[in-house]
Structure formats: structure tokens, C-alpha cells
Amino acid sequence: MSKIIFKPEHHQPISHLLEMVNKSDTEARISFVIDEMTCKIIGGMGDNLQIVSLETEKKWGLKNGEWSISASSLKQYWNNQKELIKSKTDFYIEVNYKKKSTYPFVDTLTEHESRLYFQAKSAIAEHIAFLLLAEQSKQHTLSTSKAKDIIKAAETHTPFDTFEINKERAQIRIERDNEIIPYAIPESLKPEFNLLLNKDSVSQLSILCDSTSAETVSIYIDDERAIFSDGSRVISSSLLSLRDYANKKEMSFTVEQKLVVSIYTFKEEIDNYRDIALIKQANEALLYIDNHCVMFAGLTDETGGNRFLSAEHIGETQPTVYRIDLSKLSKVKVKDITTATQIKIQMLLGNDGKRKLGFYSDRDTNQPYQSVYDIELAPEKMNQVLDAKEELEKKIKENGGEKEKQGDLLGFDDV
């Protein structure tokens with residue numbers, strides 16, 4: 001009986017390879033390429049392919065060849081071995097070679113004594129081409145520890161859509177919200193080559209580095225994909241999202257407004273307006289700022305509301321009203337930005353004349369963690385907003401309260 005044995009060191013890489021398989025995909029296949037020393041298992045499609053290489057032994061009784069089996073069936077078999085994977089136990093599939101058949105017949109018995117079988121067919125041409133590319137392409141090799149330093153540098157600047165290391169400029173550049181933001185390379189990171197990745201490929205490199213015991217990893221990059229390998233495992237990731245990156249320019253911004261406000265009152269009021277059909281339909285939020293208060297409003301002819309935001313800091317300013325896209329404002333995930341009770345917000349004016357509202361984490365108070373666009377000055381709304389402000393102040397006073405005052409500045413040294 002011939003067999004392919006899956007040892008504990010193979011479990012995690014193959015599990016990761018099979019994660020991409022859609023169990024309802026009848027066309028997806030996993031290719032096997034076997035020679036005297038290795039059994040290479042190849043899965044995926046397009047620019048997202050993976051290879052796991054198993055060192056074979058003579059007692060396995062395998063014959064050289066290239067063939068493939070149903071990916072969803074193999075995934076089902078693999079999912080039935082969870083207890084063996086958890087206990088780090090060897091398990092195997094039988095490979096039966098029939099005289100009259102070009103390709104083998106694979107037979108298995110799962111841990112729960114359920115039989116699964118696979119009739120092998122020809123190997124997938126795309127898989128074979130990817131294997132040749134991975135083996136023959138010119139690659140950069142670096143220590144795994146240095147690759148982890150690169151990943152750490154990238155994670156320091158999350159969120160990002162693009163991560164670049166420019167050796168000549170001694171810069172890290174990230175793309176966030178369609179803007180290019182430059183940073184100095186940390187002194188501890190001495191790049192050996194230029195590197196341009198998107199967030200998915202950084203994630204794939206991180207997965208490889210975290211799961212390998214190899215001392216080095218290799219990186220290959222072309223216009224379409226990145227390929228990472230530790231010698232026994234290969235992971236690829238699409239880079240098609242970077243096609244327009246070279247045409248993008250760094251933007252410079254001046255600070256028009258600077259605030260530190262309560263997260264809770266801000267987020268609650270956004271949700272309130274989104275729950276009122278007419279305000280949601282108008283899709284317009286108004287932000288009023290003067291030296292003494294910050295007010296958020298949603299005003300239509302038929303219905304509306306306004307609320308003072310608890311402000312810890314307000315920069316020196318003339319009374320100003322901004323119109324903001326309410327639906328885009330509602331997509332700001334404040335919980336992802338900070339766990340504090342307050343958040344730094346700045347109205348930024350770009351050198352192209354366009355504005356954005358930047359939300360800052362307490363880890364990086366220089367560059368926005370997330371931004372909202374479609375913002376413009378709304379002086380024509382000033383009288384309407386001031387009337388709403390006056391009515392709100394009157395209601396609060398009649399109720400025995402008073403408008404929340406500007407508090408002490410907490411946690412933001414740069415404001």
C-alpha cells in the first residue's frame with residue numbers, strides 16, 4: 001500500500017492552504033507533484049496560490065507523477081481529522097496505482113471511520129506553472145527575524161492599504177484613504193531592498209513568519225503578485241491593487257480645526273440621526289464649532305435634532321459650520337481607533353482645496369487613523385444652525401441644566 005503521511009509539522013500549512021477552498025466549488029482541485037524526494041501539494045487559483053512541500057520516504061511507496069484531486073473532498077477529509085491535528089498525530093491517505101489507469105485512486109478512512117475516496121485526474125496546468133515560477137524566479141532572501149521586523153514596522157502604521165519600504169529615501173510610505181503618508185525608517189530596520197506590498201500580502205508574510213521554524217525566508221515580487229517561501233512552504237498574494245500606486249502623490253494638509261471630544265456623545269448622535277428616516281435620506285450632518293462649544297446637528301424642514309458634544313479641547317476658531325456626508329461619517333469605527341473615552345479630531349484642508357475630517361488614535365496623534373471626506377463649508381446653514389443652538393440652550397436652561405463646558409485636556413500632548 002502506497003501512502004502520503006501528514007506529520008504534525010504539515011498540519012498548520014495544509015490547513016491554511018485548504019482554508020481558501022469553497023466546499024461548494026465543484027471545479028476546484030488540489031494538485032500533487034511527486035518526485036524521488038518530495039511531494040508538493042499545490043492549491044488556489046489566480047494570484048493566490050500556495051505550495052506545501054513534504055519530504056517523502058521510500059516506505060511511502062509513491063511513484064513519480066503529477067495529478068490532482070477534488071479540493072472540497074480533500075477539505076472534508078481534513079476537517080474530519082481535527083482531533084488528530086489537535087493531538088499532533090500522524091495520519092495518511094492511501095494512494096493506489098492501478099495498471100490500466102493513468103492516475104491513482106486515493107482512498108481514506110477518517111478518524112471517525114468514515115470512508116472517502118478520490119479518483120485522481122491530471123494536475124492543474126496553472127498549479128504546475130506556479131510551481132516552476134516559485135522554483136526558478138529570482139528572489140530576495142532575508143533572515144526570518146528581519147522579515148518579522150518589517151512586519152512589525154508595517155503593523156505600527158495600521159491601518160493601511162499599501163506598505164512601501166524605499167531604501168534610497170530611507171522612508172516607509174503607506175497609503176491610507178487614498179493618500180500617501182511618509183515616515184522615517186526606524187533605526188533598527190536597515191532595508192536591503194525596496195519593498196511594495198498591500199495589506200493582504202503583509203498578512204500572508206506574517207502568517208508564514210509566525211508559523212515557520214526556518215531561519216530565512218525568500219520574497220519574489222512582480223507586477224501581479226508577491227511570493228513568499230520558507231523553503232518548504234510557498235504562499236502567494238495578489239498585488240493587482242497596487243497598479244495605480246505609482247501615480248499617486250503625497251498630499252500636504254493644514255489644520256483648520258482641532259478638537260478633543262467625547263466619543264460617546266459623538267457616536268450616539270450619529271446613530272440617532274441615522275435612525276430618523278428623513279435625516280438619513282437627506283444624508284447631511286452639520287458640525288458647528290466656535291471657541292466655546294462644538295455642536296452636532298441633523299436639520300431638515302420637517303424634523304431634526306442637535307446636541308452639544310462634550311469637548312475637552314477646542315482650537316482657537318471663528319464660528320464655522322461644516323456639511324458632512326452622514327453615511328460616511330457613520331462608517332467610522334471608533335472602537336477600532338481607541339479605547340479611551342475621548343478622541344482627537346481635526347478638520348484638515350489639503351493643498352488641492354479639499355477637506356477631510358481626521359480621527360486620531362492615541363498611538364499616533366500626527367496622522368489620522370481614519371478620515372471622512374465629502375466635507376465642505378456651509379455658511380448658508382449658519383443662521384439655521386445658530387437658531388437650533390439657541391433653542392437647545394433654552395431647553396437645557398429650562399430643564400435646570402447647562403451646556404457642557406470645555407474640560408481639561410487629557411492624553412493629547414500635541415494639542
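1. The axes of helix α5 (residues 144-156) and helix α6 (residues 199-211) come within 10 Å of each other and cross at roughly 140°. That angle makes α5 oblique to α6; angles under 35 degrees count as roughly parallel, over 145 as roughly antiparallel, 65 to 115 as roughly perpendicular and the rest as oblique. The axes are lines fitted to C-alpha atoms, for helices over the stretch in contact, with angles running from 0 to 180 degrees between N-to-C directions. The crossing of α5 and α6 is left-handed, a term used if the near helix is turned anticlockwise from the far one by less than a right angle.

2. This is a predicted model, in which local features need pLDDT of at least 70 and side-chain atom pairs count only at pLDDT 80 or more, while totals for chains, interfaces and linings use all residues. Residues are numbered from 1 along each chain as its sequence is written, and side-chain values use heavy atoms, with hydrogens and water left out.

3. On the α5 side, T144, A147, K148, I151, A154 and E155 meet V202, L205, S206, C209 and D210 of α6 (contact means heavy atoms within 4.5 Å). By class, this contact has six nonpolar, two polar and three charged residues. Ala, Val, Leu, Ile, Met, Phe, Trp, Tyr, Cys and Pro count as nonpolar, Asp, Glu, Lys and Arg as charged, and the others, Gly among them, as polar.

4. Most residues other than glycine have a negative phi, and most peptide bonds are trans. The bond from T158 to P159, however, is cis, with omega near 0°. P159 lies in the loop between α5 and β11 (162-166).

5. Two asparagines have a positive phi: N178, at about 65°, and N283, at about 55°. N178 lies in the loop between β12 (171-176) and β13 (179-184) and counts as exposed, at 60% relative accessibility. N283 lies in the loop between α8 (277-282) and β19 (284-289) and is partly exposed, with a relative accessible area of 24%. Buried means under 20% relative accessible area, exposed over 50%, and partly exposed in between (1.4 Å probe, protein chains only).

6. Overall, the protein has 11 helices and 27 strands, which are DSSP runs numbered from the N terminus (helices H or I, at least four residues; strands E, at least two). The C-alpha trace spans about 95 × 50 × 35 Å along its principal axes. Buried residues make up 48% of the 415 residues.
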